[in-house]
Amino acid sequence: MEFVYQTGMLSVLDIFRIGVGPSSSHTVGPMRIAARYRSRLDKKGLRPDQLEIIFRGSLAFTGAGHGTFRAAKLGLLGFKPETIKMDVAEAALDALDKADALPDGTHVKITIDYETPTRLHPNEMVILASLNGEPLDQRTYYSTGGGFIASHAQLSRPVKNDFIRVGVPSPHPFPSAAELLAICAREDKSIAEIVLANEDAKRPRAKTLKNLDHIAAVMMQSIGRGLTATGLLPGSLKVTRRASGLWNKLTSAPPNEREALFDWLNVYAMAVNEENAAGGQVVTAPTNGAAGIIPSIIRHYCHDEDGTMQVDQTRRFLLTAGGIGLLYKQRASISGAEMGCQGEVGVACSMAAGGLCAVWGGTPEQVASAAEIGMEHNLGLTCDPVGGLVQIPCIERNAIGAVKAANAARLALHAPGQMIVSLDAVIETMRQTGLDMSSKYKETSQGGLAVNVIEC
């Protein structure tokens, strides 16, 4: 097939989004959907007296533990994940619950539907507006992972040539890793340079770089908060925060053994995911449930000994990792409800491995190999959160994913030649594995650890 280079692609800034925990698909997505629907009603001049929100699929089964219903109400109140101030939001939510209505008097009804099959995606959300018992408007939406949302009409639309067609044309659209590597060879540029050239078509470069720096700063802030916070995480499991204790040990008496590398990567990843589990601000990387892996690698490998961020290295890392994330978003999915945790922690590990390989001076081929290794050894990873909470096994799983990512980058750099398994092959394998995986292992808490661990 001859590809026409007039196709727009998603931006790496769509992969890395600032939001709140505990879940990009179950918290951030529903908040965005509710805010979008409220805006739709305003534009159409509709004034209902009741809004019913129906959650189906994974949103129904694990919505309570993920704060889904609360997030939808916040969206109806006009809050957005990128700008929400939690103290203001909590006050507005309390007022809504006490009055049993939005400020304009509209009543909100939450319905959890466990029986009706979902259609286009396992995270289905239907909103119905009515007045005096008569229907005014109805829309079906899907939270597709990583904070991405789509209406039924949008998700029904076929994607041509494996591209996601959005916005302005990109100078170097890549429908596959093979095409991305071919572009790198033809242009004699790195993956980061190709991705940045595509970003240049969307906005001035200075703005892209500023946004990347802000994303990195928010990641580091989430680590910082997680390293000092103590106590129990929200929810029935009564999970104790562990990052701060490990951090105190590491900084009070820095270990000399070689295995200390694991401790540093572990503590940074766990700090982020404990913050996420507590509902704090994190960056989807590419999801909230997998938000700790990339910040951990950046903090350990893209900072000087005094803690100063190496800006150029961090930008190279994020551009490279973001480009790899776009491949997964285009060719498979980053939704745990579709792919299991291989689509979240697996993708994050793959992205981090490729980004680190680039920082270490790897060629585009070595970067792709690192990303492939990172996913290959996460294939089949299930999403089975205990109690529907992003705590067990999610927090430790990010720590393990960060260590895997560093090792994958090393293996790729030391490989004698081209790897037998390509990045495209492993992405397709992940997609097929996700489709074959039982729904009880895809963020429904109906199988795996979720049914074999007794809640205290």
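Reply: Let us begin with contacts: two residues are in contact when heavy atoms of theirs lie within 4.5 Å. The model shown here is predicted.

Me: With which residues is T444 in contact, leaving aside its neighbours within four places in sequence?

Reply: With those neighbours set aside, T444 contacts S58, F61, T62 and S439. T444 itself sits in the loop that links α18 (423–436) to α19 (449–452).

Me: Is T444 buried or exposed?

Reply: A residue is called buried when its relative accessible area is under 20%. T444 counts as buried because its relative accessibility is 7%.

Me: How do the axes of helix α8 and helix α9 cross?

Reply: The axes of α8 (residues 191–200) and α9 (residues 205–228) come within 9 Å and cross at roughly 120 degrees. The crossing is right-handed. From α8, L196, E199 and D200 make the contact, and from α9, R205, T208 and L209. Of these residues, two are nonpolar, one is polar and three are charged.

Me: Which residues have the most contacts inside the largest nonpolar core?

Reply: A nonpolar core joins buried nonpolar residues through side-chain atoms within 4.5 Å. The largest has 100 residues, and F16, M219, I294, F317, L318 and Y328 have the most contacts inside it. Helix α15 (residues 345–359) gives the most to this core, 11 residues. Apart from this core lies another of 19 residues, including L51, L59, V108 and I127.

Definitions and conventions
Residues numbered from 1 in each chain as written. Predicted model: local features only at pLDDT ≥ 70, side-chain atom pairs only at ≥ 80, totals over all residues. Heavy atoms only, no water. Helix = DSSP H or I, 4+ residues; strand = E, 2+ residues; numbered from the N terminus. Buried < 20%, exposed > 50% of the residue type's maximum accessible area, 1.4 Å probe, protein only. Axes fitted to C-alpha atoms, helices over the stretch in contact; angles between N-to-C directions. Left-handed = near helix turned anticlockwise from the far one by under 90°. Nonpolar A, V, L, I, M, F, W, Y, C, P; charged D, E, K, R; others polar.
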